[in-house]
Amino acid sequence: MKNVWGIFQTAISICLTIIISATLTGCDRITPVDKATKEAHLILGNGSDPATLDPSLSTGTIEHKILNALFEGLVCADSKTLEVKPAVADTWEISPDGLQYKFKLNPNAKWSDGKKVSAKDFEFAWKRTLNSIIGSEYAFMLFALKNGRAYNSGKLKDSNQVGVKAIDENTLLVELEKPTPYFLSLLYFPAYFPLPEHTLRKFNAHNSRIADWTKPNNMVSNGAFTLKKWNINDSIVVEKNNLYHARDKIFLNKITFLPIQNINTEDRAFRAGQMHITESIAPSRLDNIRKYAPQTLRQDKWIGTYYYQINSTRPPLDNPKVRKALAMSIDRSAIIKSFLKAGQPPAFALIPEGCGNYKTIESAKIKEDIATAKKLMAEAGFPDGKNFPTIRITYNTSEQHKPIAEAIQQMWKDNLGITAELYNLSWPAYLATRRNKDFEIARSSWIGDFASPETFLEIFLSDSGLNHSGYKSKTFDKKIEQARLAKTEEERFKILSEAEAEILEQLPIIPIYFYSKVFRISEDVEGWHANILDYRNYHNVKLKKKGVQND
């Protein structure tokens with residue numbers, strides 16, 4: 001009996017030891033984020049794999065957040081105020097007429113292979129982006145340069161006449177077509193980054209879209225980080241560039257970008273301690289996060305518009321009455337309350353608040369009016385949807401885009417009697433579909449590249465590489481040109497509001513809501529400031545262990 005009791009006591013002791021050990025292990029569990037924080041290694045959700053890491057060819061925020069780590073332009077922006085700050089350029093002078101900029105480069109700016117960043121690297125990069133052979137969709141952003149548009153269109157063959165020239169190794173002279181008040185703000189955008197001509201020539205990418213130069217071990221960059229790993233559907237890893245001239249402002253040793261498309265998977269990864277910052281949040285999780293882990297929730301102002309892009313070259317979507325009917329028959333507030341759940345403003349215009357003193361003309365805003373929408377469809381020859389063909393809504397894979405598409409699909413069915421089918425694609429395939437205009441209606445969005453209304457309007461210029469809707473208007477193009485010649489901001493904004501009014505009348509797009517940047521962030525992250533462009537070059541971002549979140 002004594003032996004049995006001893007055995008029993010021993011068994012209890014072992015069980016208690018196991019339980020206590022398991023409990024302590026659970027409490028003291030070291031997560032990937034814990035380890036990464038100690039190593040100054042930031043782990044971010046990226047939403048998807050980048051389609052490219054060529055600054056001349058990139059088009060989305062998915063690419064830009066990585067490129068901002070790898071490259072640096074003439075100037076950068078303060079992550080709190082977006083005030084323009086020196087970067088590769090130490091100083092600059094602007095002529096009294098606003099047509100000429102002379103930049104003096106930082107002599108300590110180097111490429112990651114040790115070569116000096118020179119003015120010629122900027123001249124080469126900008127002319128490459130404008131070269132029509134490259135097919136850059138963002139070439140239009142460089143039309144501010146003298147003869148930029150003419151060279152891109154092929155009307156001008158001599159690239160030496162484009163308004164960018166290296167005077168010497170450290171001096172870049174830029175001439176503009178017309179005064180451009182926001183020109184300096186364009187310069188921290190990837191299309192204006194320098195490129196290492198010696199590397200691109202090595203891989204025959206100096207006048208082609210060949211991507212070999214952007215692979216790890218091949219890429220030479222001039223930013224705070226260098227590319228170390230890029231595995232599709234796995235991760236993109238960048239490491240601190242010890243040759244970066246402002247390395248004293250960089251406190252991170254490494255950044256890993258995780259291309260997690262499923263926002264529920266991403267949220268589980270955050271809760272499991274596998275990432276510091278998510279790309280977004282599943283709306284269904286918001287209430288729980290607000291209740292149990294509000295310290296991890298961020299909702300920042302962000303100038304961006306979520307909209308449906310219409311291929312206005314395809315019947316019956318080439319009829320403005322049809323496009324207007326589709327826009328008027330959507331209940332935006334219902335979508336926001338049912339699926340987004342973060343209080344995003346409904347979009348009845350193209351341009352959100354945040355662009356200075358700019359205001360949309362009130363009478364030009366879209367009205368939600370089912371009766372008028374039905375009338376317009378009847379006038380277009382489709383009473384109650386009769387004889388209207390099935391249309392396709394194309395969207396990139398995301399748990400957030402799908403329910404919105406399903407809601408709009410049902411609204412059009414109930415309100416107009418028409419049928420829409422849903423078609424989802426991976427991010428690269430979706431971009432190709434839009435670029436090739438192989439769609440009828442496509443989920444789209446535009447995040448401001450700079451805080452001015454032009455960033456939203458210029459994509460609808462007839463010669464814009466990002467005008468995937470196919471909408472072309474000489475009167476619209478003329479207004480944008482007139483705005484560039486305006487003498488005052490008030491005059492400029494008045495002309496631009498008239499240009500926006502034309503878009504809202506013709507509706508090559510259907511605005512749905514204005515963005516807020518809603519995401520989760522670990523308390524370990526310092527210096528991740530809010531700004532309306534969600535811009536950051538990773539200066540002064542730090543990691544310091546502060547605690548754990550439970551939800």
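These legends accompany several close-up views of a predicted model.

**View 1. The largest nonpolar core has 107 residues.** Start here to get your bearings. Leu-74, Phe-103, Trp-126, Leu-145, Leu-172, Phe-183 and Trp-528 have the most contacts inside this core. The element that gives the most to it is helix H4, spanning residues 119-130, with 6 residues. A separate core of 44 residues lies apart from the largest one, and Tyr-306, Ile-330, Ile-366 and Ile-391 are among its members.

**View 2. Leu-74 and the residues it touches.** Here we zoom in on one of the residues with the most contacts inside the largest core. Setting aside residues up to four places away in sequence, Leu-74 touches Pro-86, Ala-87, Val-88 and Ala-89, and also Phe-103, Leu-105, Phe-122, Trp-126, Leu-172 and Leu-187. Of these partners, Phe-103, Trp-126 and Leu-172 are also listed among the residues with the most contacts inside the core.

**View 3. Helix H3 and its cover.** Helix H3 runs over residues 61-70, and because 9 of its 10 residues are buried, the helix is largely enclosed by the rest of the structure. Those buried residues are Ile-62, Glu-63, His-64, Lys-65, Ile-66, Leu-67, Asn-68, Ala-69 and Leu-70. Look around them for what provides the cover, including strand S1 (41-45), strand S8 (225-231), strand S9 (235-240), strand S10 (254-258) and helix H14 (427-435).

**View 4. Strands S12 and S13 run parallel.** Strand S12 covers residues 391-396 and strand S13 covers residues 420-425, with 6 bridges joining the two. To find your place in the pair, look for Thr-394, which stands opposite Tyr-423 in S13.

**View 5. Ser-469, a buried loop residue.** This serine sits in the loop between helix H15 (454-457) and helix H16 (474-484). Ser-469 has a relative accessible area of 0%, so it counts as buried, a term for values under 20%. Leaving out neighbours within four places in sequence, Ser-469 is in contact with Gln-309, Ile-310, Asn-311, Ser-312 and Thr-313, as well as Phe-460 and Pro-508.

**View 6. The second largest cavity.** The model contains 5 cavities of 30 Å³ or more.

Methods
Residues are numbered from 1 along each chain as its sequence is written. This is a predicted model: local features need pLDDT of at least 70, side-chain atom pairs count only at pLDDT 80 or more; totals for chains, interfaces and linings use all residues. Side-chain values use heavy atoms; hydrogens and water are left out. A nonpolar core is a set of buried Ala, Val, Leu, Ile, Met, Phe, Trp, Tyr and Cys residues joined through side-chain atoms within 4.5 Å. Buried means under 20% relative accessible area, exposed over 50%, partly exposed in between (1.4 Å probe, protein chains only). Helices (H or I, at least four residues) and strands (E, at least two) are DSSP runs, numbered from the N terminus. Contact means heavy atoms within 4.5 Å. Two strands pair if DSSP finds at least two bridges between them. On a 1 Å grid over the protein atoms alone, a cavity is a set of points where a 1.4 Å probe fits but cannot get out, and a pocket is an open set with protein on both sides within 12 Å along at least five of seven lines; lining residues have an atom within 4 Å of a point. Grid points are joined across faces, edges and corners, and a volume is the space filled by probe spheres set on the points.
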